[in-house]
Amino acid sequence: MLFLGQISFLNGWNRVTETDLLQIIADCILRFRPKNLSESDELNYEQNISDVLSLVPSLPRGLDVNLEFTGVRKFEYTTASALFDLLDVSLLHGWIIDPQQTELVKLLNGISYNKLVEKVINLDDSNSESKLLRNFMENSSSQLTVHGLCELSLSLTDGQIAVLFRNNHFHTLYKHRDELFVLVTDMGFLNEPSVVWETLNSVDGDSFFVDANFHTSLQTTKQDETAEYNGLLFLYIKNNLYII
């Protein structure tokens, strides 16, 4: 929201407390109220605001969103997803199926991640449907597919910012000159001024860092070392054992 110009900090602030930030977010939710709502829309909007404001104090502990596999903007509607709607911030993900995979599209159309996990657990190992679903999850354990990466790029205009949900984390996503970048928030790079953004141009984590002007950093290229772990994180089912 800071990047979008929707919030700003007072001159002289060199530190923002958690309480300050939560108050700023709550103020934004109230300030972004749309005008000329119908009576029915007004009631729905009031309920959404009430639900989301009750969620704000728990934001430091994270948000629980549940994606669907047929579109970069497809999420199960919850109070958590409503937060992004009320703040007019795009929430995206890249874990989607290629439409050419027709069998998978039929199986996963309208199915959320949580429902998919339940479905795979309950299916017999020898079932062809089970094998197809397991292969999909294992082959896309990084929560990003080639088709998803293409759709993410197409969904943003140059200079646009969004929130990317991937691997149970929320990332700041930015499109610059037809390339996608993710804001680096790892504390290990706090004192590395040449490391500001990381490229998002492959599903296997083959990326590099750039500075605030999008010039390639001298910092060593980062490789995704979590792919194997993510495979276990999302799904590893053997002898009816589900590990998270």
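Q: At what angle do the axes of helix α5 (residues 113–122) and helix α6 (residues 128–139) cross?
A: In this predicted model, helices (H or I, at least four residues) and strands (E, at least two) are DSSP runs numbered from the N terminus, and axes are lines fitted to C-alpha atoms, for helices over the stretch in contact, with angles from 0 to 180 degrees between N-to-C directions. The axes of α5 and α6 come within 10 Å of each other, and they cross at roughly 130°. Angles under 35 degrees count as roughly parallel, over 145 as roughly antiparallel, 65 to 115 as roughly perpendicular and the rest as oblique, and α5 is therefore oblique to α6. The angle asked for is roughly 130°.

Q: What kind of model is this?
A: Residues are numbered from 1 along each chain as its sequence is written, and side-chain values use heavy atoms, with hydrogens and water left out. Local features need pLDDT of at least 70 and side-chain atom pairs count only at pLDDT 80 or more, while totals for chains, interfaces and linings use all residues, in what is a predicted model.

Q: Which residues of α6 do those of α5 meet?
A: From α5 come Y113, L116, V117, K119 and V120, where contact means heavy atoms within 4.5 Å. The residues of this contact divide into six nonpolar, one polar and three charged. On the α6 side stand E129, S130, L133, R134 and M137.

Q: Which residues of α2 make the contact with α1?
A: The axes of helix α1 (residues 18–31) and helix α2 (residues 39–55) come within 11 Å and cross at roughly 180°, which means that α1 is roughly antiparallel to α2. From α1 the contact takes A26, I29 and L30, and from α2 it takes Y45, I49, V52 and L53.

Q: With which residues is V56 in contact, leaving aside its neighbours within four places in sequence?
A: V56 lies in the loop between α2 and α3, and because its relative accessibility is 5% it counts as buried, that is, under 20% relative accessible area. Although V56 and L22 are 34 residues apart in sequence, their C-alpha atoms are 6.6 Å apart in space. Leaving aside those neighbours, V56 is in contact with L22 and I29.

Q: Against which elements do the buried residues of α3 pack?
A: Helix α3 (residues 79–86) is mostly covered, with six of its eight residues buried, and these are A80, S81, A82, L83, F84 and L86. Just after α3, D88 takes a positive phi of about 55°. The buried residues of α3 pack against α1, α2, β1 (91–92), β2 and β3.

Q: Which strands are included in what covers the buried residues of α7?
A: In helix α7 (residues 146–155), the buried residues are H147, G148, L149, L152 and S155. The cover over these residues includes β1, β2, β3 and β4.

Q: Which residue in the hairpin of β2 and β3 takes a positive phi?
A: Strand β2 (residues 161–166) and strand β3 (residues 169–176) pair in the antiparallel sense over six bridges, and F165 stands opposite F170 in β3. Two residues lie between the strands of this hairpin, and the positive phi, near 55°, belongs to N167.

Q: What is the bridge partner of L173 in β4?
A: β3 and strand β4 (residues 179–183) pair in the antiparallel sense over four bridges. These strands form a hairpin with two residues between them, and R177 in the turn has a positive phi of about 50°. In β4, the bridge partner of L173 is V182.

Technical notes: Nonpolar A, V, L, I, M, F, W, Y, C, P; charged D, E, K, R; others polar. Pairing = 2+ DSSP bridges. Buried < 20%, exposed > 50% of the residue type's maximum accessible area, 1.4 Å probe, protein only.
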